[in-house]
Amino acid sequence: MLKKLGLIATCIFVYGGVSLAQVEITPTRPEFVVANAASRDGQDLSGSWSYSIDPYRDGLYGFHGSPSGYGHQRFAPQDVDIATRRAPSALFEYDMARSPRVTLPSSWTNHAPEMRHYEGLVWYSRTFEAKKKRGERSFIRVGAANYTARVYLNGELAGTHEGGFTPFTFEVTDLVKSGENNVTIGVDSQRTDKSVPPPVTDWETYGGITRPVQFITTPETFIDDAWVRLDPDNRHIRVTVRLDGPKAASQPIQLSIEELGIDLREETNADGIWTAVFPAPERLVRWSPENPKLYDVTITAGEDDLAERIGFRTISVEGEDILLNGKPVYLRGISMHEEELGRDPSRVMTEAAARALLTEIKDGLNGNFVRLAHYPHSESTVRLADEMGLLVWSEIPVYWRIDWEDEGTLDAARAMLAENILRDRNRASVILWSVANETPVSEARNIFLNTLIDDVRELDDTRLVTAALLTSQSDQGDGEVARVDDPLVTSLDVMAVNTYNGWYGNVPLAEVHEISWLSDHGKPMIFSEYGAGAQAGFHEVKNPRKFTEEYQAEYYRQTLAMADRVPFLRGMSPWILKDFRSPRRQHPIYQQGWNRKGLISETGERKEAFDILAAYYRTMTETSDETSTE
Ligand code: GCU
């Protein structure tokens, strides 16, 4: 359920007969944010669940499309075995209790061999014990379910959600009972042209419940959302807290940051919201990759309290520079998909799995930046970036061919954006919100994306907005020239471009270093993608072909030489850290369903190009250390 709190701005856009007649100007907000949900009371429902596939959605609709009948409702808390013993003539064509069991969270790709390429609806079910208490509220929260989900508790529908990469929470206070409860979730990976992303991407769908499901209990009035940050002026700390419940209004509230001697006591307003601004203490250490300092922050209101670990830093742009805590920073990065190491990943990104990958970036590549592509990654990964000291690009999957003129598609994208920002806006590591990747320029697209950009600015005035763009390129006789001429740039803080000269396109690899870049925007640019495929272990020293490590290595040398000649370049996140699954990549020898542009293979083997980028970043840090000590 989404809250529509805002005003309606009437703007008429008519093109191709379809109109985005009315665009709600206030961002969509999820009904519940449940800030730092992992710290909440309740139960983590990870573990053993039964599952049942439902390719024809029989559990929802009967043969003429009417709601499914008694014997097909897999969400019903029914022990079919007992029911049929009691009524031998009863017909059930499912039995969740005796269905195969799997461990969640995990995509269903490795539940069974036949599930590897399954697309469609799967029902998951388990029971859990709960004790219903007076004055206590209960929620079911799902970290992520790809792509649409229906959540039932004890046979009652608690809510539905669209979007495979952001959390959603439904209140079940009236549905929960003392004793055994049955939670059933129907997850459908099917996407249409109106989905975000659309059906065709360059990554594995990984349908299913890919992040933890929680049963959460809170006091009647609880702290639903809390945002504590350093103002862009680098001198004030600002707090915004939103209580949810009957005693939200005029509620005494306290913020404490013991290490800084901060102990603020005030009161919420009539809407249960508290905002405060106060000078940042002299001794406040600014968070940075070199010193990822986090503070323990506690907020108390009524019977509820919320603990958070927060870093304070500013990120801004000045001309062609990106400034971290007021100083120019170069983003030494790499892109990454949410896919753990191994030959048979199923998008189980545990903290350990994320740490293995982020460590390869920080310690292996000497990086300080990671582009989490092309969708919001797990909250635990972003919190780890806070702890480890990695700057983060966070993105929603507005990718390639979106239905720009469909209002439902825009609503879905706006909801994902809000869910992402509200989940992670306390994370110091996150510096960039990206609203799109490689989207074709059109009026409808520009309006769609500008709506998202406005939402970002409304939801978070402390971070930078970007999008991964394509550029035009031509040879006017004095060598290849790439131009950043996407009209969307005017709305962005940082220009980001994906460029694949030497891999895609006709520019010979040996000439890539000569390519020049032009921009009259006076803004910083980052290479959000560049890369070449290589199968680990495939070597050819003389005239190396594509997919050899040698070709990929030379590709990096050429591209880095080109990068050195781009005066407004302030960072990069080459494509990509690790080989990843993609149904689009079916070369029988070099790909076998994997995109091989990783600098490490799917099992973590470093390719030659890894060392080239690592050396390039090491030199950069050494040089900047020298200049900063001079
Ligand atoms: C694109 C796209 C990626 C894709 C990559 C590739 O730029 O953004 O999602 O994987 O190219 O072709 O490897």
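Modeller: Start with a charge over a ring. In this predicted model, K546 lies over the face of W503, at 5.1 Å from the ring centre.

Biologist: Which residue lies over the face of Y295?

Modeller: That is K293, at 4.7 Å from the ring centre.

Biologist: How far can I trust the coordinates? What is the mean pLDDT?

Modeller: Where pLDDT is low, the predicted coordinates should not be read in detail. For this protein the mean pLDDT is 95. A value of 70 or more is reached by 95% of the residues.

Biologist: Where does pLDDT stay under 50?

Modeller: Over residues 1-21. The model has 51 contacts for that stretch beyond four places in sequence. Low pLDDT is a reason not to read such coordinates in detail.

Biologist: Where do W404 and F448 lie in the chain?

Modeller: W404 is in the loop between β30 (391-395) and α4 (407-424), while F448 is in helix α5 (residues 443-459). The pair therefore ties together parts that are 44 residues apart in sequence.

Biologist: Is W404 buried or exposed? And F448?

Modeller: The cut-off for buried is under 20% relative accessible area. W404 has 9% relative accessibility, so W404 counts as buried. F448 has a relative accessible area of 0% and is buried too.

Biologist: Which residues do ring pairs link into a cluster?

Modeller: F165, W203, Y375, Y399 and W400.

Biologist: Next, the backbone. Which residues does a cis peptide bond join?

Modeller: Look at omega. Between L104 and P105 the bond is cis, with omega about 0°. P105 sits in the loop between β9 (101-104) and β10 (106-107). Another cis bond joins A373 and H374, where omega is about -20°. H374 is in the loop between β29 (369-372) and α3 (379-388).

Biologist: What does the side chain of H374 contact?

Modeller: The side chains of H374 and R371 are joined by a polar contact of 3.4 Å. R371 belongs to strand β29. With 0% relative accessibility, R371 counts as buried. Leaving aside residues up to four places away in sequence, R371 touches I334, S335, M336, W393, E395, N437, A468, N498, S528, E529 and S573.

Biologist: Now the helix α3. How many of its residues are buried?

Modeller: Eight of the 10, so α3 is largely enclosed by the rest of the structure. The buried ones are E379, T381, V382, R383, L384, A385, D386 and M388.

Biologist: Why do residues three or four places apart in an α-helix point the same way?

Modeller: Because an α-helix has 3.6 residues a turn.

Biologist: What follows α3?

Modeller: G389, and its phi is positive, near 85°.

Biologist: Which residues have a positive phi although they are not glycine?

Modeller: Y206 is one of them, with phi about 50°. Y206 is in the loop between β16 (179-188) and β17 (208-219). At 1% relative accessibility, Y206 counts as buried. N234 is another, with phi about 65°. Its loop runs between β18 (222-230) and β19 (236-244). At 21% relative accessibility, N234 counts as partly exposed.

Biologist: Which residues does T109 touch?

Modeller: Y206 is among them. T109 lies in the loop between β10 and β11 (121-130). With 4% relative accessibility, T109 counts as buried.

Biologist: Last, the annotation. What does UniProt place at residues 101-219?

Modeller: The unreviewed UniProt entry gives "domain: Glycosyl hydrolases family 2 sugar binding" for that range. In the model, residues 101-219 are 0% helix and 55% strand. The end C-alpha atoms of this range are 34 Å apart.

Definitions and conventions: Residues numbered from 1 in each chain as written. Predicted model: local features only at pLDDT ≥ 70, side-chain atom pairs only at ≥ 80, totals over all residues. Heavy atoms only, no water. pLDDT = per-residue confidence, 0-100. Contact = heavy atoms within 4.5 Å. UniProt positions renumbered as here; feature names shortened; annotations may be inferred. Helix = DSSP H or I, 4+ residues; strand = E, 2+ residues; numbered from the N terminus. Buried < 20%, exposed > 50% of the residue type's maximum accessible area, 1.4 Å probe, protein only. Phe/Tyr/Trp six-rings, centres within 6.5 Å; stacked < 30°, edge-to-face > 60°. Lys NZ or Arg CZ within 6 Å of the ring centre and 35° of its normal. Polar contact = N/O pair within 3.5 Å; in protein donor to acceptor, adjacent residues only side chain to side chain.
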